Structure formats: C-alpha cells, structure tokens
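Dear colleague,

Please find the structure below, handed over for your use.

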Amino acid sequence: MSRILVRGGRILDPATDRDEIGDILIDGDQIAAVGESLDARGAEIVDAEGGWIAPGFFDMHAHLREPGQEYKEDIASGGRSAVAGGFTSVACMANTHPVNDDPATTDFILDRGEHDSPARIYPIAAATRGLAGEIVTEMSALVDAGAIAFSDDGRTIQSGGVMRHVLEYSKLVDGLVIVHAEDCSLVGAGVMNEGPVSTRLGLPGNPSIAEDVLVMRDLMLAELTGARLHVAHVSSAVSVEAIRKAKERGVSVTAEVAPHHLTLTDEATLGFDTNTKVAPPLRSAADVAACRRGLVDGTLDAIATDHAPHALHEKDLDFVEAPPGLIGFETAVPVVLDLVRKGEITPLELVRRLSTNPARILRRPGGDLAVGSIADIVIVDPERSWLYDPAKGYSKSRNSPWAGKMMQGRTVATIVGGRLVYHVDKGVLVP
Amino acid sequence: MIGRDLIGIEDLDRGDIERILDTAERMREVGNRVVKKVPTLRGRTIVNLFFEASTRTRASFEIAGKRLSADVVNFSPSSSSLKKSESILDTARTLDAMDPDLVVVRHAVAGVPKRIADVLYAPVVNAGDGAHEHPTQALLDMLTVRQVKERIEGLTVTIVGDILHSRVARSNIHGFLKMGAEVRIAAPPPMIPAGIESLGVKVFTSLRDALSGADVVMALRIQNERLTGSYVPSIREYSATFGIDRAKLHYAKDDVIVMHPGPVNRGVELSHELTDDRPSVILDQVRNGVAIRMAVLYLFAGRAPRSDLGELD
C-alpha cells in the first residue's frame, strides 16, 4: 500500500490531548509517524494547512435504509455521504426491511459495507424481534455476526418489563443497548415540540416529558440491571440533567446529541417545512442551551447525526403524514462548529465527541492518532464557507433543514484505512 | 398591507382587518337585492380545494364567489385517493396548471394552505387548516361583533371550549387582540394548549370567572370524539361545567352576545334557547360569512397575477 503525508495542519488528538501543528505520515493502513516536517519521500501529499487533522469521525447513529428502502438511501450512497462529511465510521440502525434482527441480515449489511462503502459500516441489531417490543433478539448470534449494539430506535420499547429483560440479557454479551427515549402515550398525536410554537401553528404537540419519563425509566433499569445503556439523541433539558445525575451516582450510561438538537429550535418549523420534522422534535431555546451545556461538560458523550433519509415525495406530504427525520452527514461538521465559534467548546473537545468517545463507547478502532493506530483521519477547514445544496450531495435524499443555507466549515479530506476516499476538490474517490 | 395570500389572521395588521370588514359591509348590501349578483369577478375562476369535508364553509365560499360572478369550481379530492402518499404539492401543481385566479384551501392538517401557497401561482385563501387558523371565520365574527357593539376595541371577549383543537379560537384570539379587545379563554385544563398565554390571552378554568364582565361569549364546537377520550369525562360533565345557558350568562354583562361558529351541539356547548334566540347572534354570523368571503375574494382574486407583481419568491 501507498504512503500519504498529511501536511501542516493543526493535529487534534483527544486520546493524548495533543493540539499542535504538524504532519502525519501514513504507511499502508496505519499511522506511521506524527510530528513536524516529516520525511515525505515517495508519499502522496495531502495539504492540511490552515485546517484541523483529526481522527476520523464516528457517527454512532444513522439510517442507511438498505436492505429494503434503497429509494431513500443505500449503503453505497450513505457511505459516500458519510465520508464527504468527515465520518470514517458509521453505525447503522436496525429499522431496515427486513429488520436487522438476525445474523443473515447483519452479515449482509457488513458485506455491503465492505464492498460498497468508503466508510466503515457497523450494523446495530434490533433489541427485540421485528422491533415489536416483545421478544429479545438472539444477541449472542448477532454479536458473533458482527452487530455492535442493540436498539429498536424509533420503535421504542414501551413495556418496562421487556426493556428490563433486554438490558439484563444484553449482559450475556456485554452489549450496548441504545434507547430512543419517547413514551408513546405521552407523545400522543404530537408531531412537533409542545409549547408556544406548536400552539401558534396548531400542530399537535409532543411534550419533552415524553422523552424525560422514558429516559428516567431506562436510567433506573440500567441502574438495577448494571447493563450498558446509551441514550440516543437527547433533546430535552430535563433528560440532560437526569443523565448527569445518573452518571454522578455511577450508572453505566452514555449519551449522544444530534447537531440539529444543538442548534435548531422549534421555531424552525414556523413555515411548516416538513424537513424540520424529526423525532424527538426540535425543542425550545432552553432545551438547546441545556444540550449544549451537556455536550460541553461531558454529560452527553458523543455527537451523532441520526442521518435519516426520506424521499422528496414523502416529505411533500402534510406535516402529520410526512415521516420524521433529516439527513445529516454532510452538514454535521459546519453545524456543530457553531459551538467552537461561540467559544463554548475547544476544537479538541469537539473532536473527542465526534470521534474518540463514540469509538470508545462502541469499542471499535479509530478515535486516536497514535503511531500504529488505524489510519482513519479527517481534515477539516473550520473557516471555509460554502452554500449547502442537498441535490449536490451524495445522499439519495434531500431532506435537510439547512438546504440553501450558507455553511461555515467543511470537511476537506477523509482518509479511511490509509486510503484517501474523499477530497473536497475531487469528490468521493473510492470505491 | 395585505399580502397576496390569506393564510392567517396572525399575518394581518389592524388596518388590514378593518379594510376587509369595511369591504364586507359594502358587500352585505348585494345579498339584500332581488338579483344577488354583481359583475366584479366576471371571467375569474375560483377553485374551492377542500381536502376536508365541509358543507357550510364551502357553501358560503361558493355563494360568495357566485354573487361576484366568478366561475366557482369545487374540487374535493376524495379522502380515499388523497389519504396516504398523495403529495399535496402535486395536487396543487396540477390545479395550478388549470390557471385558476384564486384557490380556497381547507385541510385537516395545519400548514397545508401555507405550503400550497408557497408553490402556487394563484393566490391562496385558507378556509381552515387543522388547529391552525380559520381566518374568514374570525373576520366574520369580528364583523358581527362590530355591527352589534359598534366597536371592538375595549370589549372583553371570552372564548369557551376545546381551545386545543380549535382553529377558530386561534384566529379569533389573533383578530380580537389586534383590534384592541381583551381576550379570555376558558376550557377544561387538558384542552388548554401549552403556552397559549404567550399569544396575549388570559386563561381561565372557571367559567364563572371567565364570563365575569364579558361583552362577547363565543362557544366552540366540541367534537364528539373528544368527549369520549381522556380530555373530559363525559358530555354531561362538560355541559355542566362549560356549557352555556341563561343562568351562567348572568355572570357576563347585561348586554352580552353569544356566538358560535356552528354547527351547535345543542344542549352541550349552548342550551337550546340560547342557540335560537337573542342574545345569540349565530345566524348573523352565517349571514356575515357570505359578505366576508365576498370581500376576501374581491380583495385577493381581483389582484394582478403573480407574474405582474415582480419578484415575490
């Protein structure tokens, strides 16, 4: 394999707290050297001047829609979109058709990922068979097949009894159980955050307490069982505080937050744009502020996109019928850079939440820039301005609330396993 | 000044509302003639695009259009073909290709008229969308109050009932507040929407307190399915606590008037005698509905097509 020299950028390695200007030399699929003015003979040069050099980002929550809904996305298009956004690894949710609740489907996704996707693809298996919330999946067989975590995601397990068994059973494989916390009976018919904005718009409200009671239930079940719980896309101030308190008393819990919940409020829905419909919904300014504080103080460990592609004709339905979700790979970096620009978080700590923490939570390679580590690397220009047009992106879908918006900050290059798979000037290069 | 579409009262200012009410006053006279027709909109095509069933509002818009000599076409996509996966924007674009001069839209989900207006060449008038707005209803309510009370400013208007699911309530809250009235709402607590006080209303759960000193009482229609869910326990209890009869009306001012957007669930929201007799003004509301819709069609369909107005997108 070839050698690549990533030259002259700000090296951000949260694993060692390194934050300094330098080069990284890649040999084969590994990092061969990190330092100043490295010898570049025979190496392809990737210029990182003025940019950040970070371990590749790890998106622990995405929907790639394959198998079954390839008109929205497939593993090839999703993987291309991921690397264009700086994500070298993607964990994909189990709500495919068929559901990823058996080893054959897990194996299929891994196979597709290996052959079709420039990003590493890690399947998350269902926690219950058919996402029906009743029978625990064959976790042992699924882990053997390569599943990295278990989740029913948006089909939240409503029964506390079943969730208890899922958490208990996951200990058999020391598995991670990921919860999309929403109590259906409290969500009711809600399609956006309940509050003054939903009242003005006359859209049925989904109250934040629907999230909070389920977060609290599962924190208590995690405490009872000792299982590893991960709370997906936290969006409510009360939930952030509940997770903070649970961590303080030693509950085995981690949590993620999505770029949209860090930057957009329910006021984004004022024009009835269905691309602002997402679950859990965009919430109040106070909730957004609490999520930002939670990310900064470490209560929320990771940033995950919840990339959820839907076709144009689906988002063209009325606000109640349109499916929730938005695409997020290619906008995540500029969107979350807002926290750096406003002085709330350092670049190093932001990278920790985009890369190191999710890799550690899922116990997969990546997330550091040590010599000998796997060469998954991203170069980001934090200042570069660009107009986001989803039609020019790599996803098959276009459902983004940031469509047509000016973005600041962009992924310049992405390297996976020592191969340059994306460069902003050349596009996605392989496969 | 009035925009090219009428989506909600929230988008209007006081001057806009007064202009529409004043225009409606002139339109009312047409209805008193033997030949109830003026040539104002001759040659114009108005489409009533009603995704949600409605007899009364559609008839009111249709009569209003015909009195102005417009060609009125009723287009009601059947709920079966429309339900599930028909893009509302496709429907709108199809319609637009037939070159209507104005499209009246009703839909069970909030926001559909706005999104149709965003893609349509023709102006859009909202005839009710979900629990969002029903602007012509609020305009006809304001017209009725102005006729009886000779003013709106300074009055106390109490809206009673299922505020949570009511577009009529939202449009009237915006309208009466913009016109300088005090607006109160009274409802069983599960029917009070979150943060409603942010609109500027006073919130009551006691009907007696809400009626105290009121000039106008507006009862809202309550859907039967809301009376059997977990919002309120029973029709009997709703009627006893929030139904309005002559005895409860004594809490209000002596010259209070009683309004209702119709159709009334007799004996539930209003007692029988209040439905039919003064101080009820329900039939005045219906009559004014035609005049308001004539005014709205005249003001919005009588304008230049989008292309003549330059950059609007």
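**Helix packing in chain B**

In this predicted model, I17(B), I20(B), L21(B) and A24(B) of α1(B) meet L139(B), M142(B), L143(B) and R146(B) of α6(B). By class, the residues of this contact comprise seven nonpolar, no polar and one charged. Helix α1 of chain B spans residues 14–28 and helix α6 of chain B residues 135–149; their axes lie 10 Å apart and form an angle of about 70 degrees. The two helices, α1(B) and α6(B), are therefore roughly perpendicular to each other.

**Domains of chain B**

The domain assignment divides chain B into domain 1 (9–133 + 287–309) and domain 2 (135–281). Taken over C-alpha atoms, the centres of these two domains of chain B are separated by 26 Å. Domain 1 of chain B contributes 22 residues to the contact, and domain 2 of chain B contributes 19 residues. On the domain 1 side, the elements of chain B that give two or more residues are α1, β4 (124–129) and α12 (282–301). That side has nine nonpolar, six polar and seven charged residues.

**Contact between the chains**

Between the chains, 22 residues of chain B are in contact with 18 residues of chain A. On the chain B side, two or more residues come from each of α4 (88–96), α5 (112–119) and α7 (167–178) of chain B. The most are given by α5(B), with three residues. This side of chain B consists of 10 nonpolar, seven polar and five charged residues.

With kind regards

Key. Residues are numbered from 1 along each chain as its sequence is written. Chains are lettered from A and ligands numbered from 1 in the order in which they are written. This is a predicted model: local features need pLDDT of at least 70, side-chain atom pairs count only at pLDDT 80 or more; totals for chains, interfaces and linings use all residues. Axes are lines fitted to C-alpha atoms, for helices over the stretch in contact, and angles run from 0 to 180 degrees between N-to-C directions. Helices (H or I, at least four residues) and strands (E, at least two) are DSSP runs, numbered from the N terminus. Angles under 35 degrees count as roughly parallel, over 145 as roughly antiparallel, 65 to 115 as roughly perpendicular and the rest as oblique. Two residues are in contact if their C-beta atoms, placed from the backbone, lie within 7 Å. Ala, Val, Leu, Ile, Met, Phe, Trp, Tyr, Cys and Pro count as nonpolar, Asp, Glu, Lys and Arg as charged, and the others, Gly among them, as polar. Domain bounds come from an automatic or database domain assignment.
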